[in-house]
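Q: Could you walk me through a structure feature by feature, giving the general idea and then the case at hand?
A: Gladly; let us look at it together.

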Amino acid sequence: MSPAFDPLTFLGDLRRALARDEPDTLAAMLAELHPQQLLDLWPELDPGERATILTRIPSGKAAEVVSNLSDHEQPELLDILPPRHLAEVMEELSPDDLTDALQAFAASDPESVTEIKSLLDSETLAVADTLVGYGEEEAGGLMTPEFLSVRATMTCGEVLEVLRRASPDAETIYYLYVVDGSDRLAGVLSLRDLIVSEPARRVRDVMNADVVRVRTETDQEDVARLMADYDFPVLPVVDTGGRLVGIVTVDDVLDVLEEEATEDIHRLGAAPVDVDYVHANPWLLFRKRVSWLVLLVVSMTLTFNVIAHYEAIIEEIVILAAFIPLLIGTGGNVGAQVATLVVRALATRELELRDYLKVLAKEVGTGLLLGAAFGLFIALYVLIFRAEPRIAAALGITMVLISFTANLVGASLPFLFRRLRIDPALTSSPGITTVMDVVGLLIYFRVVIWIVGPLLEGAGGSPGP
């Protein structure tokens, strides 16, 4: 297919070929269609068109499409494809993708998935059933058992012969793992080292015995981070006894990184993390979003209480109310900004809990600089347009204190959450904003009473509580 693939043009041609029942034209079009291009078209296709395409392309290509569909999209295949044809496509999936698909089917239609399983090869099903025993977010649930292992006593020539016979069924052959008589991981042999070594050399003399590995229960996020840190395209997975049971490949890790990044973004925005937005209906979105938003609304009543508490001083100097949105908005923005930076640094392990004091010292300086800049601006603004020095001073000092406090709160909450073993991403922008609304108002009115209060007393008024 040409790089200048136009989905809309192709879709129009495809639909015309289907309408005219032109099998030769359709076959030629589908032969050139890359699985990723079909995925790009997928949302625009109706169920009948999807079924026609999946039944007219090779099972291997159809499997690539199926493996990249979401958990919400895969169950549709139970309705649009004949069970036997769907089973043929499933046979082409890698074991980890097959397991994920079967779990998605089972969650949607347990009866239909039983029929599909009955049509699968017993050996294929046995491998998938083994992977089902691991958690979805663990290395065991992420790995594939299709790998090549060799013995340390073999010669390089013998290993090359094994590769010629077994490579079509292996997930990757760029790294070969060396195991002992009990299948415990003993070393790793790269394809490069294998090729440049003399055929008569023993594997034990060529292999690297220092192997980075993960356990089956290792969290998928730690697996992804480890592969990124070491630039590994593949990582071996061992069980509690050190036996090699599978490998995790870079394509699976890319999916994990996307999932984790999406989850963090949702949490930072106080949005639900377990919803497929594209396919969710309004009622589901309401149920998933309302709980957190109600909590925020209830929390915002604290803001009302603070303002009501200082109602007397606002009645004396009405202009003070006009600056409330500016002050608390700045506090929320500053706090959310630094919280985002810290949460991301914690997620990528650029920061650890032991770095809190270093971060705090940095944000003290940053907060003071931000506060001084904002405070000077608002003070000059009031002096120029209102010519009220005391109010200008009160606003300037308030802006310094709010910016400084917001920086400390935004930097500290993610560390506190990590210490409590809660995802730091839950220190979301709405949460920080709510906290700073209340804190900012308290700072504002206390500063106003301190600076402007004497004027009110001299005029016979009350500076408030």
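Q: Which helix supplies the largest share of the lining of the second largest pocket?
A: In general, rolling a probe the size of a water molecule over the atoms shows where empty space is left. In this predicted model, helix 16 supplies the largest share of that lining, four residues. Helix 15 (220-230), helix 16 (250-268) and helix 20 (324-347) each give at least two residues to the lining. Helices (H or I, at least four residues) and strands (E, at least two) are DSSP runs, numbered from the N terminus. A pocket, on a 1 Å grid over the protein atoms alone, is an open set of points with protein on both sides within 12 Å along at least five of seven lines, and a cavity is a set where a 1.4 Å probe fits but cannot get out; lining residues have an atom within 4 Å of a point.

Some ground rules: this is a predicted model, where local features need pLDDT of at least 70 and side-chain atom pairs count only at pLDDT 80 or more, while totals for chains, interfaces and linings use all residues. Residues are numbered from 1 along each chain as its sequence is written, and side-chain values use heavy atoms, with hydrogens and water left out.

Q: What is the volume of the second largest pocket, and which residues lie closest to its centre?
A: The volume is about 430 Å³, taken as the space filled by probe spheres set on the grid points, which are joined across faces, edges and corners. Of the 19 lining residues, Glu221, Glu260, Arg418, Asp423 and Pro424 are the closest to the centre. By class, the lining has six nonpolar, no polar and 13 charged residues; Ala, Val, Leu, Ile, Met, Phe, Trp, Tyr, Cys and Pro count as nonpolar, Asp, Glu, Lys and Arg as charged, and the others, Gly among them, as polar.

Q: How many cavities of 30 Å³ or more does the structure hold?
A: One. The largest cavity has about 40 Å³ of space, and Thr99, Asp100, Gln103, Leu131, Tyr134, Gly135, Glu136 and Gly141 line it. Helix 8 (residues 95-108) gives the largest share of this lining, three residues.

Q: Which aromatic residues form a cluster through ring pairs?
A: A pair of aromatic rings is described by the distance of the centres and the angle of the planes. Tyr310, Tyr444 and Phe445 are linked into a cluster. Rings of Phe, Tyr and Trp (its six-membered ring) pair if their centres lie within 6.5 Å; planes under 30 degrees apart count as stacked, over 60 as edge-to-face and the rest as tilted. The search of the whole structure finds six aromatic pairs. Tyr310 and Phe445 are stacked, at 4.8 Å centre to centre and 10 degrees between the planes.
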